[in-house]
Amino acid sequence: MKSKEIRAQFLTFFESKKHEIVSSAPMVMKNDPTLMFTNAGMNQFKEYFLGNATPKNARVTDTQKCLRVSGKHNDLEEVGKDTYHHTMFEMLGNWSFGDYFKKEAIAWAWELLTEVYKINPDNLYVTVFEGDDADGTGKDEEAYNFWKAIVPENQILLGNKKDNFWEMGDQGPCGPASEIHIDIRSEEEKAKISGKELVNQDHPQVVEIWNLVFMQYNRKADGSLVELPNKHIDTGMGFERLCMVMQGVQSNYDTDVFTPLIREIETITNSTYGKEEETDIAIRVIADHVRAVAFAIADGQLPSNNGAGYVIRRILRRAIRYGFTFLNTKEPFIYKLVETLSLQMKETFPEIQKQKNLCENVIKEEENSFLRTLDQGLVLLDQIIQNADSKEISGKKAFELYDTYGFPIDLTALILSERGLDLNETEFEKELQKQKDRSRSAAQTKAEDWQILREDDEEEFVGYDRLETSVKITKFRKVESKKDGALFQLVFNLTPFYAEGGGQVGDKGYLESANGNVTYIIDTKKENNQIIHITKNLPENLPGTFRAVVDKKQRNRSASNHSATHLLHQALRSILGTHVEQKGSMVHSGYLRFDFSHFSKVSAEELKQVENFVNARIQEQLPLEENRRLPYNEAIEQGAIALFGEKYGDAVRTIRFGDSMELCGGTHVSNTSEIWHFKITAESAVASGVRRIEAITGDAAKDFFTQQSESFNQVKSLLKNPKDTIKAVTDLQEENTALKKEIEALLKEKAKNVKGDLKNAITEVNGVQFLATEVDLDAGAMKDLSFQIGGEVENLFMILGSKQNGKALLSVYIDKQLAEEKSLNAGQMVRELGKHIQGGGGGQAFFATAGGKNPDGIAKALEEGKKYVG
Ligand code: ATP
Ligand code: MG
């Protein structure tokens, strides 16, 4: 069975059990401070488990793009080495939000595997949580009994907290789990040892395929567990592993999910899969990583130097390095695989095909630059090896190479071992740990439990219509971080505060109590669908009622910038072309930043056109046409622009100004005339194929023009108010060039005279043409003159001193032959003489210079110089 059908059967099976099929959330998290990437199917439903939002349907099913390369789930180092862990994989899942529980989840999983997919039940093993004394949880009897009804008891195993108790994080919803494992070994192997013995033993042919989590507790900050009022089901099955089972192969990489990519790698790199372990690992790494990287880019996460972007860069570099080392690829080639991937995925995940050019360009550019790094690194490593005084290379040096130049440590180790050298790995690990500790301690935060003041329904956002309203605080908690110290997070029953999101910053403002006490809200963020107001201290007299007031000025400026961003997007698409896709945006109160796909620099002429386009829309005074709840499909049909990598619900909000229509949750001006004016301040490259425009609007644009005109007036008045300022400046420049030429000519003339004077002053001492004297020349001229005279006067030995800008200079010139014959050394002399001018220097035996702080010592130095010929 083809992988496409396997995926489809999963979804239709659960659809037949009254589940709604929903789409995958983006793999890259946009506004979740706790997670960079989706690492499990349940991530997008967190808010339902936490009770912060109510789902439309209590049963859903989907296939979710997951990435396990950071944080709690990090499989990166395993990937390629084994045959069943990927960085990016699809997780098939079914969910119940307070609806069905263990009985149905267990029965349906079994039905699907054994009756629909027709997997031989003898090859399946299930695990049940054995209980944990510290938590006071007993064995999951419920699950055990449901399993016992359908599975022979000798195929049921008990498992510990590590394998059979699932937690979202340190706090929050959690519960026991049942895993389903499969034994795909040959009958011969099975006869030797029972599959039961190999469950959870990291055996590549006895692997977990499905995990059923029974969410029934909430873990509190102090570590204790309380029962959840609503119990949920959260399951996850690895799609690629299921395909391995269904297609009767022994490795995920032998399924049709991977074989097209592997064939392509073999062809491009002229290698063969399945012959040699090292080559195989490299091919698997590349086939796996190109998926992770392409999906991340398509979701809007470009490789970069920090955060999620850095994680993506590291994955790609890992692939490049495996190619470089084991497939001998010295040219970019991974980008060529995007084509195959895009065709394979086009029905389930069309985003790759739609952004194929961008994915290819970005990957190719990264490949190019990292291959250069590798080349440089090899040279640096060579130097380290040459300078080493023992067989063991310092871990500190290797760390430096790794940290500063991005040169991979395993490559360092490999090269060293090829040359019969060792790497001090303990030292390297120590440095690495130090670095990790540094970044961890900066980020660490500790949150207390939420203190519930009122049981309210979901918090309502009223900030599109009001900037001020009376609110009640429903809950709060204290959060402590190394970076910000102690802060409080407050949740209201309703709020006018816009939470950071969609590129727009969160609102600031204050809370005022009945007796006039004010608490400032320094930022507003969203976490698990909850709007969180951040303060430095707790308002007095809780619970109480407060007047919540948004900083109007800041909000208006942000709104102006946000609306201008939409117009800019429209302008770029109409002037540069519809290949322009938004790749990120940042809307501050002070300015806006917009990243978009485009393959060349935007010319000054184009920028002018873009500016004019936006300003024309401003002048047209287009009113805001907002629709807060439009079915997604209808919005798209009406021409609204949706962004890749953004998670949209069934009903969306649309923002329209004239012909610009976007799906957007941000705050906007009610008429484009409020933007006043749009001015681009910068255009630059963010990555290959991605450009950035920065711009200002409204007050900021006003300030900008005022400042510009003030500076211009200053320039004018400095130029004594000429009629034509530009001409006055060009005249000045021309005059300046002419003067420079004159000075140069004069200096040359002067040098000629000096040369004559110096030559005349040379005396013969013991067969040496000697001179030690003070001149008024800079270092360059001293050197030039020395060599000029040296070319004209044989056996010259000349010491010059000069005072320049309050500092002292010395130069010593000795005819080459003379220096050899008499074993004179200018470098050594200049160091000795340099002491008199409180300085130092050096050079060669025939010419050397020194500089020092003490010009008064020049005379002494020259005097002293005579002793060398005396
Ligand atoms: P394992 O012990 O094999 O790493 P896990 O316990 O980390 O699995 P879960 O977190 O329970 O797995 O995820 C649910 C399912 O997703 C697993 O049963 C497995 O089929 C699949 N899965 C997990 N991690 C990966 C991965 N890195 N690559 C491919 N599939 C995976
Ligand atoms: Mg795992």
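Author: Buried means under 20% relative accessible area. The model discussed here is predicted.

Reader: Is histidine 566 buried or exposed?

Author: Histidine 566 lies in helix 17. Its relative accessibility is 3%. The cut-off for buried is under 20%. Histidine 566 therefore counts as buried.

Reader: Where does UniProt place the feature "binding site"?

Author: The record is an unreviewed entry. Its positions are spread over 107 residues of sequence, yet they cluster in space, with a largest C-alpha distance of 9.9 Å. UniProt places the feature at His562, His566, Cys664 and His668.

Reader: What is the relative accessible area of histidine 562?

Author: Histidine 562 lies in helix 17, residues 552–575. Setting aside residues up to four places away in sequence, it touches Gly502, Gln504, Val587, Cys664, Gly666, Thr667 and His668. Histidine 562 is buried, because its relative accessible area is 3%.

Reader: Which residues does histidine 566 contact, leaving aside neighbours within four places in sequence?

Author: Two of the residues in contact, Cys664 and His668, are also in the UniProt feature. Isoleucine 655 stands opposite glutamate 662 in strand 28, and histidine 566 is in contact with both.

Note on methods
Residues are numbered from 1 along each chain as its sequence is written. Chains are lettered from A and ligands numbered from 1 in the order in which they are written. This is a predicted model: local features need pLDDT of at least 70, side-chain atom pairs count only at pLDDT 80 or more; totals for chains, interfaces and linings use all residues. Side-chain values use heavy atoms; hydrogens and water are left out. UniProt positions are given in the numbering used here, feature names are shortened, and annotations may be inferred rather than shown by experiment. Helices (H or I, at least four residues) and strands (E, at least two) are DSSP runs, numbered from the N terminus. Buried means under 20% relative accessible area, exposed over 50%, partly exposed in between (1.4 Å probe, protein chains only). Contact means heavy atoms within 4.5 Å. Two strands pair if DSSP finds at least two bridges between them.
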